[in-house]
Amino acid sequence: MMIKNICCIGAGYVGGPTMAVIAQKCPHIKVTVVDLNQDRINAWNDSDLSKLPVYEPGLDKVVEEARGRNLFFSTDVDQAIDEAEMIFISVNTPTKTYGVGKGMAADLKYIELCARQIARVAKNDKIVVEKSTLPVRTAQAIKDILDHTGNSVNFQILSNPEFLAEGTAIEDLFSPDRVLIGGDTSSEGQKAIESLVAVYANWVSRDKILTTNVWSSELSKLTANAFLAQRVSSINAMSELCEKTGADVSEVAKAIGMDSRIGSKFLKASVGFGGSCFQKDILNLVYIAKSYGLNEVADYWEQVIIMNDHQKRRFSKNIISTLYNTVSGKKIAFLGWAFKKDTNDTRESAAIYVADDLISEQALVAVYDPQVQETQILSDLNYLESRTEMENKKYIHVASNPYVAVENSHAIAILTEWDEFKDYDWQKIYDSMLKPAFIFDGRNLLNKEQLENIGFVYQSIGS
Ligand code: NAD
Ligand code: UGA
């Protein structure tokens with residue numbers, strides 16, 4: 001079937017950019033992105049492109065070209081489902097915060113709600129595409145719900161996990177390493193796969209479009225994230241050993257990365273990985289393994305999270321011990337709050353946990369991030385429920401300018417690797433700080449020699 005009308009449920013970090021790119025690359029397909037959140041949809045429709053709800057380099061241009069032509073954002077979920085031949089489900093699948101599997105399993109309530117809504121509204125055959133990251137075998141649950149609609153509608157379920165990384169989403173979508181499509185092995189399933197292959201083939205070469213059975217596709221997504229996060233935890237584990245032995249983790253990473261079997265990517269030691277997915281997806285993997293009684297498999301992957309938690313905590317502990325074992329009443333300036341550069345997303349950012357540790361020691365934390373607003377920073381801290389909202393407000397100050405954030409501070413902590421931090425006037429910053437002036441570089445971003453020449457006490461990760 002030649003697809004002419006696509007609906008995507010969920011206008012978040014994945015639904016928005018992926019559908020904008022599909023619409024831009026396929027002007028013959030009408031793409032409607034729907035969401036329950038009216039504010040989000042309004043922001044996607046804002047004529048001021050700087051107000052889009054997702055900050056991604058290059059996204060504004062893509063939206064500008066396609067929006068109103070064949071790309072639409074709406075809260076009318078029923079109508080979009082009804083009109084579409086292919087429906088992407090791109091809603092959030094957070095870690096469960098209640099009941100069985102609390103803190104581990106993926107919460108599939110939003111997925112199930114989508115399936116029930118599709119079942120209720122659909123009047124003709126539909127291809128339903130899992131774009132969200134899901135536990136292996138979720139397609140079976142979706143199919144069960146859809147197949148019990150009581151009408152004669154036929155549904156095909158495909159798994160088409162998304163591998164984009166935030167900050168480079170548009171680049172990743174324009175030239176993906178691969179597109180993965182899993183579907184039923186029946187001839188109807190294969191036809192459904194072919195219609196989605198044809199959509200991507202508008203801009204992705206066919207040899208990069210991989211088709212598998214649905215379970216392999218679902219599980220490959222969790223596996224990919226587990227492997228990527230595992231590399232970060234592995235290099236972070238070595239960073240602690242480097243600090244004890246005089247080895248330098250950047251040199252070690254370079255030396256091992258030149259081995260083509262290891263490869264050089266994803267070997268950057270840091271204050272710990274963040275983002276909405278690595279932790280969630282690994283916990284989910286651990287839960288799935290446990291549910292099959294595979295305890296060794298579960299423990300193996302859980303260690304990636306344990307190591308990451310340790311890395312975050314170790315960073316804040318080091319700040320406290322270096323500042324003479326007390327940060328009470330001391331101003332510590334954070335440069336960066338987002339979980340990585342070039343995004344306004346802060347979910348699970350290491351900065352949140354480091355700030356929480358320091359505030360527990362009564363430090364005054366001043367934050368500057370080029371893309372993150374005060375309301376977000378406060379809500380990230382409040383979400384941890386470590387203290388009252390009033391207290392968080394007392395200890396955290398959000399500056400709209402980096403030079404204001406660092407003024408009269410005892411120390412600066414680099415939490416996000418924003419490029420602009422490298423170009424600041426570090427002499428001016430040094431002059432405005434209390435002495436000794438410390439820098440804790442959680443991203444190994446700045447130039448040690450230059451800063452030490454100015455007079456800073458500079459500490460990085462893993463050397
Ligand atoms: P998000 O929270 O940014 O967006 C999800 C959106 O779905 C929200 O706007 C929410 O209002 C909407 N929604 C929830 N239930 C709905 C319903 N019943 N009807 C209509 N709208 C509904 O989440 P995200 O970051 O875009 O992630 C979505 C999925 O994609 C997750 O499974 C995630 O694991 C996966 N993923 C995310 C990334 C990433 O970089 N963020 C990358 C690859 C995969
Ligand atoms: C990650 C994956 O890279 C994507 O392929 C995947 O689609 C996505 O998760 C998802 O499923 O949500 P993302 O979390 O957006 O993408 O960003 P990454 O570039 O993977 O970075 C994740 C975290 O690891 C960041 O905090 C980053 O700073 C940290 N990191 C990454 C390191 O500390 N060192 C590295 O070498 C690489």
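Residues are numbered from 1 along each chain as its sequence is written, and chains are lettered from A and ligands numbered from 1 in the order in which they are written. Because the model is predicted, local features need pLDDT of at least 70 and side-chain atom pairs count only at pLDDT 80 or more, while totals for chains, interfaces and linings use all residues; side-chain values use heavy atoms, with hydrogens and water left out.

Me: Why is C277 called partly exposed?
Reply: The relative accessible area of C277 is 28%, and the term covers values between buried (under 20%) and exposed (over 50%), with a 1.4 Å probe and protein chains only; C277 is therefore partly exposed.

Me: What makes the pair formed by T93 and ligand 1 a polar contact?
Reply: A polar side-chain atom of T93 lies 2.6 Å from an oxygen atom of ligand 1, and a polar contact is a pair of N or O atoms within 3.5 Å, so the pair qualifies. Taken alone, ligand 1 exposes 830 Å², of which the protein buries 92%.

Me: Which residues does C277 touch, and where does C277 lie?
Reply: Leaving aside residues up to four places away in sequence, C277 touches N225 and I282, where contact means heavy atoms within 4.5 Å. C277 lies in the loop between helix 10 (249-257) and helix 11 (278-291).

Me: How do you know that C277 carries the feature "active site"?
Reply: This comes from UniProt, where an unreviewed entry places the feature at C277; such annotations may be inferred rather than shown by experiment.

Methods. Polar contact = N/O pair within 3.5 Å; in protein donor to acceptor, adjacent residues only side chain to side chain. Areas by Shrake-Rupley, 256 points an atom, 1.4 Å probe, with all protein chains shown as cover. Helix = DSSP H or I, 4+ residues; strand = E, 2+ residues; numbered from the N terminus.
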